[in-house]
Amino acid sequence: MESRQILLNPGPVTLSDRVRAALTRGDWCHREPEFAALVREILEGLAGVHPELGTEFEAVLLTGSGTAAVEAMLACFAPTAGKTLVLSNGVYGERMARMLQAHHKPHRIVALGWTDALDIAAVEQALAADSAITHVAVVHHETTTGRLNDLAALGRACRSRGVRLLVDAVSSFGAEEIVPEAWNLDAIAGTANKCLHGVPGLAFVLARRELWRAPPAAVRSVYLDLYSYHRAQHDDGFSPFTQAVQIAFALREALAEHREQGGWSARRQLFRRRAERVYRSLRDAGVETLLKPEEYSCVLWSYRLPPGRSYAGLHDRMKREGFVIYAGQGKFANEMFRIANMGDIKSADMDRLTALLGSAVRP
Ligand SMILES: *Cc1c(COP(=O)(O)O)cnc(C)c1O
């Protein structure tokens, strides 16, 4: 296998040399002041990725994958007295419903097809019919298909009824716009190893300041009780449990790179340019997108497999050349493939990728 592999899956991503080098910085104890200072720096960095969040929202950092952050967010902020409406148009929306189920939180689901847009009329109906609903849980970028869900429209529907939003932004944080006021946002979950270009192992939740001040009676988890993290991290920088120390070194560098490269909007432009190059080469080879081009995020696009082509064949051919593409999930496994645009991909890599893809999909 080639030593340099370009990852076109939705995280983990191809690391920059600077981020990878940070992993070997040293052996630190997570209960020493130098690590506490590092965590505080990362928390500030995370709150600054989307400046719109910065003053109103406070972050906590936890060791785990993106799913841990989403589950922790729901464990802490989905109500037990009220009810959460889950909107699902893909794997990750369905996963949020499973989490609420696992934590015995009252919820209802608006289950849509995986290629459907959010159904705002159905949300309005559900909110009008059930006044117990106080929160909506939704995925920002539904990685199942690449759809960027319209949270502005959803936010308007929620705002007029005082309903708060809990958002899985695991595959959008750092590269798509986040508008807390318009969305009526309470909390948002993200991870180190997608749009931020860090290493897998750390994830985070940002929530409104006042929420951290008022813990509910009980969080039905010990490890995922973010209030204990918040108390520890914002008091002195320590954490209740062992943190992934070396992953934190890498996240600090990834955040610095993200800032230096122009922040989330520059990253969105970068990803969008990559997406458009891949799109043009596949379109010219006769491959169709699963959704309409204007429905996609900058982060990942999904394509229909050309008739008679197997995903495995396409995947293996690309992998031999050093590119890891991504399969469809569940019922889409034999119908489509996905190309994500995150990570330290050079322009020469993009040239090679688009040339190879174009020839690999042709009959
Ligand atoms: C990647 C992803 C997650 C979390 O996946 P992990 O494998 O736990 O990191 C959650 N939600 C979305 C939308 C994702 O893309």
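The following is a conversation about a predicted model and the terms used to describe it.

Colleague: What should I keep in mind before we start?

Modeller: This is a predicted model, so local features need pLDDT of at least 70 and side-chain atom pairs count only at pLDDT 80 or more, while totals for chains, interfaces and linings use all residues. Residues are numbered from 1 along each chain as its sequence is written, and side-chain values use heavy atoms, with hydrogens and water left out.

Colleague: Happy with that. Why is T191 called buried?

Modeller: Buried means under 20% relative accessible area, exposed over 50% and partly exposed in between, with a 1.4 Å probe and protein chains only. T191 has a relative accessible area of 2%, so T191 is buried. T191 sits in strand β9 (residues 185-191); strands are DSSP runs of E with at least two residues, helices are runs of H or I with at least four, and both are numbered from the N terminus.

Colleague: What does T191 touch, leaving out residues up to four places away in sequence?

Modeller: With contact meaning heavy atoms within 4.5 Å, T191 touches S65, G66, V170, L196, L202, A203 and F204.

Colleague: And what makes the pairing of T191 and N193 a polar contact?

Modeller: A polar contact is a pair of N or O atoms within 3.5 Å; within protein, one must be able to donate a hydrogen and the other to accept it, and residues adjacent in sequence count only if both atoms are side-chain atoms. The side chains of T191 and N193 are joined at 2.8 Å. The side chain of T191 also has a polar atom 3.4 Å from the backbone oxygen of L202.

Colleague: Is H197 buried or exposed?

Modeller: H197 counts as buried, because its relative accessibility is 6%. H197 lies in the loop between β9 and β10 (202-208); its phi is positive, about 70 degrees, and H197 is not a glycine either.

Colleague: How do you know that the length of α11 agrees with its number of residues?

Modeller: The expected span of a helix is 1.5 Å times one less than its number of residues. For the 22 residues of α11 (residues 263-284) that should be 32 Å, and the end C-alpha atoms are 32 Å apart, so the two agree.

Colleague: Which residues of α11 are buried?

Modeller: G263, W264, R267, F271, R274, A275, V278, Y279, S281 and L282 are buried in α11. They cover an arc of only 165 degrees around the axis, which puts them on the same side of α11; the arc is that of the directions from the helix axis to the C-beta atoms. The exposed residues Q269 and D284 are on the face turned away from that buried side. Among the elements covering the buried residues of α11 are α2 (33-49) and α10 (245-260).

Colleague: Lastly, which residues are around the ligand?

Modeller: A residue is near a molecule if one of its heavy atoms lies within 4 Å of it. The residues around the ligand include S65, Y92, R95, D168, S171 and K194. S65 has a polar side-chain atom 2.4 Å from an oxygen atom of the ligand, and D168 has one 2.7 Å from a nitrogen atom of the ligand.
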